[in-house]
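Please consult the sequence and the three-dimensional view shown here while reading.

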Amino acid sequence: MRAVSKAKNRSIARKSLRRTIFFVILILLAGSTFEPYNQAQLALVLILFIGVLSVTLLTGISGQLSLGQGALMAVGGYCMALLMTNQGYSLWMAIPLAMVGSALAGLLLGISAARLSGPYLAGTTLVIALAIPTLANRFMSVLKGDEGLPVDVGYPPVWFTNLFGEPSYEEWQLYVALPFAAIALFFASNILLSRTGRMWRAIRDHETAASLSGVNFSRQKIFVFVVSATFAGLSGALYGLRGLVGPSVYPVSLSLLLLTAAVLGGIRSIFGAFIGTVIVVFLPDWIDAILHSFELSEQVSNFLPALVSSLLLILTVVINPAGVAGTHLHKHKHK
Amino acid sequence: MDTFLAALFSGTSRGAIYALVALGLVIVWRGAGILNYAQMGQAMFSTYIASTMITNGNSYWLAFVVAIVVGAVMGVLLDILVMRPLSNKKKTELLSSESMRAAIPVIASLGILGVLQALAGIIWAAEERGFPAPYAQEGFTVAGNVMPFTSFDVFVITVVLTTLALTTLFFKKTGVGLAMRATALNSEVARLSGIRTNFTRSLSWAFSGAASSLAGLLITPTSNLSPNTLDLVLIIGFTAAVVGGLDSPAGAVIGGFLVGMVISFVSFYGSPEDVFLAILAVLLLVLIIRPRGILGAKDARRV
């Protein structure tokens with residue numbers, strides 16, 4: 001029995017690895033052909049993709065709707081920024097520690113939220129998303145209030161420039177984000193394909209049935225929160241590296257943006273998470289490209305992306321709740 | 001002592017408005033099983049319409065009535081255009097799980113909120129504007145002291161209490177109210193006994209839309225009007241509804257006043273920044289100690 005499950009795990013890991021390698025090659029190819037502006041946008045896609053994965057795991061796979069992922073991103077961002085500015089850590093040390101920090105925050109959230117469901121959970125996490133950034137002003141001396149803590153990706157190390165030449169700042173942003181996005185993708189894919197993913201889907205589909213089949217669902221629910229918070233913290237740390245970690249960087253609208261991306265792409269699949277992230281990041285550019293000949297006033301063009309993405313969100317939910325990617329990844333479950 | 005009185009009065013008049021918001025949430029939750037996160041977006045939109053009417057020279061009272069009617073109509077439209085098609089789609093694969101059935105309407109209402117806020121930004125620009133009050137906002141003078149209580153506060157409390165009384169009478173004494181209560185209790189049985197549940201459900205949305213538009217009209221004179229101003233009010237209303245019990249209109253009223261008091265005392269004795277943390281603390285406390293709220297039914301939905 002154990003031997004069988006070991007072989008199974010190995011084949012799952014191989015499959016996830018294949019996906020990850022394919023993903024990395026795709027991004028590198030796209031990144032090398034893009035101009036600096038689009039390289040920075042692609043880096044943003046990778047960063048938010050990790051955050052959207054946290055929504056996919058929590059909401060799409062285990063069925064718990066959280067609107068507070070932005071708060072967990074803020075926890076990750078602040079942990080990293082404090083370690084970098086106060087302790088002088090490099091970002092390669094600070095980011096993993098920030099992930100530990102946000103995992104702890106996720107544990108706390110999971111313990112208090114595991115008994116909530118549906119609209120209660122959504123409302124409570126929405127309040128959390130509003131309340132956590134105000135802590136920055138509460139602990140002014142450490143967290144520096146509205147000003148925030150400036151951090152950035154810095155410069156590539158010498159061995160990197162020796163090997164690959166001097167990258168532009170945007171390109172370096174992309175190369176910093178890529179390994180983390182690849183690791184996140186690998187773990188998310190592993191979880192989805194494994195026994196853990198099956199347990200989480202069982203909780204989502206029917207709690208009573210899941211617990212009757214031996215799933216300890218309150219423990220698994222807390223575990224989902226911890227894993228999802230780790231993803232969100234990583235995403236938040238990288239998001240802060242774009243220049244600033246502050247309350248204005250992690251507003252409630254960021255949490256809603258992640259949810260929108262997850263739903264548009266397909267809330268149950270990793271592929272969907274990526275498609276959705278590409279849509280929400282590049283939507284303003286696409287709208288601009290289509291409508292630039294109409295000479296729209298700034299007032300209209302500022303709000304148009306939000307209007308279009310919200311409309312798309314409603315249409316997706318009403319017409320095709322499975323999103324762009326559909327549910328083909330898990331078709332075996334519903335024959 | 002002065003601070004205490006000021007906090008008490010402000011808590012009462014703010015609490016009245018929060019009670020109204022919470023009532024709006026509770027009515028739709030009971031009537032349609034949906035927590036409407038777009039509610040204050042609707043209120044923001046209709047308050048902007050009222051504001052535009054007043055700037056164009058119409059009287060305050062005409063704008064007041066129009067805003068409430070617009071709020072009600074918007075509620076019905078949302079039900080017919082978005083929520084009803086959603087609840088008819090239950091058979092699709094994604095909606096087969098119980099947790100996603102609860103999550104999808106929430107996501108839809110967030111989409112509606114986004115659309116309303118973006119539209120308001122496009123139509124009325126994003127900068128804040130004031131909204132007039134029909135009565136003076138200067139404190140009464142009692143024995144030479146200016147009291148922290150204005151004639152506008154009296155107006156707010158009177159309007160809210162009247163609305164609450166009328167709503168209670170409507171649900172208790174009229175046939176339609178009875179039909180709505182029956183639908184809330186068990187929509188399948190209600191439909192079998194000849195109640196047009198689609199109609200009563202839309203009526204809940206209309207009521208809630210009107211109530212929240214009223215709340216928007218009453219709260220914007222003391223804050224300001226921008227596409228996002230009422231987000232915080234929604235959060236407070238949600239907390240109030242959970243404190244009182246999501247399925248109890250009377251509980252919503254009690255919760256509204258309670259949360260209003262907490263917020264008012266925190267912002268008078270602490271700093272306004274702490275309000276968010278206070279709301280979170282109240283919410284978590286209630287959810288841990290008494291998840292069904294003060295007046296929630298014993299066999300309330302599992303939280």
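A:Arg18 lies in helix 1 of chain A; helices (H or I, at least four residues) and strands (E, at least two) are DSSP runs, numbered from the N terminus. The model is a predicted one, in which local features need pLDDT of at least 70, side-chain atom pairs count only at pLDDT 80 or more, and totals for chains, interfaces and linings use all residues. Residues are numbered from 1 along each chain as its sequence is written, chains are lettered from A and ligands numbered from 1 in the order in which they are written, and side-chain values use heavy atoms, with hydrogens and water left out.

**Surface patches**

A:Arg18 is exposed, with a relative accessible area of 54%. Buried means under 20% relative accessible area, exposed over 50%, and partly exposed in between (1.4 Å probe, protein chains only). A:Arg18 belongs to a positive surface patch together with A:Lys6, A:Lys8, A:Arg10, A:Arg14, A:Lys15, A:Arg195 and A:Arg198. Helix 1 (2-33) and helix 9 (195-205) of chain A each contribute at least two residues to this patch, and the largest share, six residues, comes from helix 1. Patches are made of residues with over 30% relative accessible area and no salt bridge; like charges are joined within 9 Å, and nonpolar side chains (Val, Leu, Ile, Met, Phe, Trp, Tyr) within 5 Å. Lys and Arg count as positive and Asp and Glu as negative, while His and the chain ends are not counted.

On chain B, a nonpolar surface patch consists of B:Val65, B:Val69, B:Val73, B:Leu77, B:Ile80 and B:Leu81, with about 520 Å² of accessible area together. One of its members, B:Ile80, is in helix 3 (residues 60-87) of chain B and is partly exposed at 40% relative accessibility.

A:Gly266 follows the helix and has a positive phi, near 130 degrees.

Most residues other than glycine have a negative phi. A:Lys144, however, has a positive phi near 65 degrees. This residue, A:Lys144, is in the loop between helix 6 (140-143) and strand 1 (149-150) of chain A.

**Salt bridges**

Four salt bridges are found over all chains, each being a side-chain nitrogen of Lys or Arg within 4 Å of a carboxyl oxygen of Asp or Glu.

| Pair | N to O distance |
|---|---|
| B:Asp274 and A:Arg138 | 3.0 Å |
| B:Asp79 and B:Arg84 | 3.7 Å |
| B:Glu188 and B:Arg191 | 3.1 Å |

The pair B:Asp274 and A:Arg138 crosses between chains, from the loop between helix 10 (249-269) and helix 11 (275-289) of chain B to helix 5 (residues 118-138) of chain A. B:Asp274 is buried at 14% relative accessible area, whereas A:Arg138 is partly exposed at 45%. Both B:Asp79 and B:Arg84 are buried. B:Glu188 and B:Arg191 are separated by about one helical turn, because they are three residues apart in helix 7 (residues 187-192) of chain B.

Technical notes:
Areas by Shrake-Rupley, 256 points an atom, 1.4 Å probe, with all protein chains shown as cover. Charge placed at Lys NZ, Arg CZ, Asp CG, Glu CD.
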